[in-house]
Amino acid sequence: MNDKKKIQNVMDKIPVNKKLEERLLAMKEGKANEIAAKCKKTRKQTYGKRIVQVAAAFVFFFVLSNTTAFAFTGSTIVEMMFGGRGGEYVAELVDVGEQQVQIGDYRVTMKESIFEKETKIGYAVFEIENDRGEILYDKDMSLFLDFGEEINPEEESGRRRFIFSTKGGGGVSGRAQKKGKTLLACMSFELSEGGTGLEITDEVTNDSYSFKIHSESQAKKYFVGDNTNLWISSLGIMMVSEYKEGEEDIPVRTVEAADKDGRKFMLFDEGRDETAWTTYSENVDGGTVSQWNQFSFAEPIDLERVATVYVNGKEVKDFR
């Protein structure tokens, strides 16, 4: 019996949907990219079942074919941002639709992206190539994520020609590494309301080049008091509060979850993660303050485990 038939026999015993089965078989035949392109627009919110199915299918597929299928979960983002952990929990969020722009002799390709629209957390990976085979960049790209030749070094040392930013509002941070002659740039970003994607600005010509970000949601929503909403996704937490100017907002000390069997696990702990909250606030009509608190997990979590949520030790209601 050949490998394909062995794999098919195992698949027949596992309750995996047809799309997933096609993708796993295609990886053995070297057609993963082709099938992924056909399937990526058929995302469905059957999230919990898919996690179990993917995990089971991967065990059997690895045993039979001795082949890893890392690309299935968006390998570049998962590997660079999370050390290869938790890929199965963001599989349905990863958009592998490539977008490319040519800027002079630079080719910039967005290989993969993730954006969870309720928690406003996103990641993207770019490959940057140059016809001359040389791409200049700073090893620490965490502040501006810029690359290319220096401009006006006599006036402002270290300022480079190209800079990444969000389009429509939000912050960007990231890092880069060389992969042969290619520069691999991986970034995290947050899109504010009205934000539509990422862009590169050419500081020499003032031209901008845009990359659209596909938005998905798999977050669970909860009520914390009368004026605060909480969203939890596999990528992180977003808490939005509205209160009168001068009033005290509810300080969040901990956000904890429990699975269906009552086993608790910590999602956010002020004592451990105090530097990780990203907070935005603004005054709106009538002296009301609107405040957003965002926290990104170090690696994706299994959202299906989250059955009950506690804020500051008190159970909060989920939105139904």
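**Exercise 1. A sheet of four strands**

In what order do the four strands of the open sheet that contains E4 stand, and is the pairing parallel or antiparallel?

*Solution.* The model is a predicted one. Step 1: read the order across the sheet, which is E4-E5-E8-E9. Step 2: decide the sense of the pairing, which is antiparallel. Step 3: find the edges. Strand E4 (146–150) and strand E9 (208–212) are the edge strands, since each of them pairs on one side only. Step 4: give the angle. On average, neighbouring strands of this sheet are turned by 20° against each other, direction ignored. Step 5: look at one pair in detail. E5 and E8 are joined in the antiparallel sense over six bridges. Lys167 has Gly197 in E8 as its bridge partner.

**Exercise 2. The surroundings of E10**

With which strands does E10 pair, and over how many bridges?

*Solution.* Step 1: strand E10 (residues 220–223) pairs with strand E11 (residues 228–232) in the antiparallel sense, over four bridges. Step 2: these two strands make a hairpin with four residues between them. In its turn, Gly225 has a positive phi of about 75°. Step 3: E10 also pairs with strand E19 (residues 317–318), again in the antiparallel sense, over two bridges. Step 4: follow one residue through both pairings. Tyr222 has Leu230 as its bridge partner in E11, and Asp318 as its bridge partner in E19.

**Exercise 3. The nonpolar cores**

Which residues of the largest nonpolar core touch the most other members?

*Solution.* Step 1: this core has 25 residues. Step 2: the residues asked for are Val108, Phe126, Ile128, Phe147, Met187 and Phe189. Step 3: list the elements that give two or more residues to the core. They are strands E1 (99–103), E2 (106–116), E3 (121–130), E5 (160–167), E6 (172–179), E7 (182–189) and E8 (197–202). Step 4: examine Val108. Once neighbours within four places in sequence are left aside, its contacts include Val101, Ile103, Phe126, Ile128, Phe147, Ile200 and Phe211. Step 5: note a second, separate core of 21 residues, with Leu230, Val252, Ile301 and Val311 among them.

In soluble globular proteins, nonpolar side chains tend to be buried together.

**Exercise 4. Aromatic pairs**

Classify the pair Phe126 and Phe164 and the pair Phe295 and Phe297, and state whether these residues are buried or exposed.

*Solution.* Step 1: the whole structure has 11 aromatic pairs. Step 2: for Phe126 and Phe164 the centres are 4.8 Å apart and the planes make 50°, so the pair is tilted: an edge-to-face pair needs over 60 degrees and a stacked one under 30. Step 3: locate the two rings. Phe126 lies in strand E3 and Phe164 in strand E5, 38 residues apart, and the pair links distant parts of the chain. Step 4: apply the limit for burial, under 20% relative accessible area. Phe126 is buried because its relative accessibility is 0%; Phe164 is buried because its value is 3%. Step 5: Phe295 and Phe297 have centres 5.9 Å apart and planes at 80°, which makes the pair edge-to-face. Phe295 counts as buried because its relative accessibility is 5%, and Phe297 because its relative accessible area is 7%. One aromatic cluster is formed by Tyr106, Phe126, Phe147, Phe162, Phe164 and Phe211.

**Exercise 5. The whole chain**

How many helices and strands does the protein chain have, and what share of its residues is buried?

*Solution.* Step 1: the chain has six helices and 19 strands. Step 2: of its 320 residues, 45% count as buried. Step 3: among contacts between residues at least 6 apart in sequence, 58% join residues at least 24 apart. Step 4: the accessible surface comes to about 16900 Å², and carbon and sulfur atoms hold 46% of it.

Key. Residues numbered from 1 in each chain as written. Predicted model: local features only at pLDDT ≥ 70, side-chain atom pairs only at ≥ 80, totals over all residues. Heavy atoms only, no water. Buried < 20%, exposed > 50% of the residue type's maximum accessible area, 1.4 Å probe, protein only. Contact = heavy atoms within 4.5 Å. Areas by Shrake-Rupley, 256 points an atom, 1.4 Å probe, with all protein chains shown as cover. Core = buried A, V, L, I, M, F, W, Y, C linked by side-chain atoms within 4.5 Å. Phe/Tyr/Trp six-rings, centres within 6.5 Å; stacked < 30°, edge-to-face > 60°. Pairing = 2+ DSSP bridges. Axes fitted to C-alpha atoms, helices over the stretch in contact; angles between N-to-C directions.
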